[in-house]
Amino acid sequence: MTSVYDFSVLNQNNQSTPLESYRGKVLLIVNTATGCGLTPQYQGLQELYERYQDQGFEILDFPCNQFMGQAPGSAEEINSFCSLHYQTTFPRFAKVKVNGKEADPLYVWLKDQKAGPLGKRIEWNFAKFLIGRDGQVLERFSSKTDPQTIQEFIQKLL
């Protein structure tokens, strides 16, 4: 695999979605959880999305229940929570595993492109990968990175 566009992922309805459909856009790929101390980052992510979506920016939300079971529930329950509490409108996909033998192939590739604080492991919920318009991983941000601090990187790419 040579770019993010080589992957297909399952959407929240478990239908295959080629990431090729995002070709030419700046992407922020985030593993999320609804029951985490970092869950309020949804607000900052939504603000970025509203500010830059018209300029070719997309956030791809991948719920992950691997960290202390902090993303329980069905896709409907997760969507309901995010809509009710944070009014999120960016695309949300099916739950994935980001570490271990069952890690989603997209996350295996993302981690191979940019190591983080724990090397190739995702350290926690809300780890973020910034993808350029060419489909390449440009930056990796830790779980604790406030979405607003990523704004300057996004602006440069748009």
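Cys 36 is buried, with a relative accessible area of 8% (buried: under 20% relative accessible area, 1.4 Å probe, protein chains only). The model is predicted: local features need pLDDT of at least 70, side-chain atom pairs count only at pLDDT 80 or more, and totals for chains, interfaces and linings use all residues. Residues are numbered from 1 along each chain as its sequence is written, and side-chain values use heavy atoms, with hydrogens and water left out.

Cys 36 sits in the loop between β3 and α1 (41-52). Helices (H or I, at least four residues) and strands (E, at least two) are DSSP runs, numbered from the N terminus. The unreviewed UniProt entry annotates Cys 36 as "active site"; such annotations may be inferred rather than shown by experiment. Beyond residues up to four places away in sequence, Cys 36 touches Gln 70, Trp 124 and Asn 125 (contact: heavy atoms within 4.5 Å).

Helix α3 spans residues 105-113. Its buried residues are Leu 106, Tyr 107, Trp 109, Leu 110 and Lys 111. They pack against β1 (8-10), β3 (26-32), β4 (57-63), β5 (128-131) and β6 (137-141). At the N-terminal end, Asp 104 caps α3, with a side-chain oxygen 2.9 Å from the backbone nitrogen of Leu 106.

The largest nonpolar core holds 24 residues. A nonpolar core joins buried Ala, Val, Leu, Ile, Met, Phe, Trp, Tyr and Cys residues through side-chain atoms within 4.5 Å. Val 4, Ile 29, Phe 62, Leu 106, Tyr 107 and Leu 110 touch the most other members. β3, β4, α3 and β5 each give two or more residues to this core. The largest share, 4 residues, comes from α3.

Note on methods:
Buried means under 20% relative accessible area, exposed over 50%, partly exposed in between (1.4 Å probe, protein chains only). A polar contact is a pair of N or O atoms within 3.5 Å; within protein, one must be able to donate a hydrogen and the other to accept it, and residues adjacent in sequence count only if both atoms are side-chain atoms.
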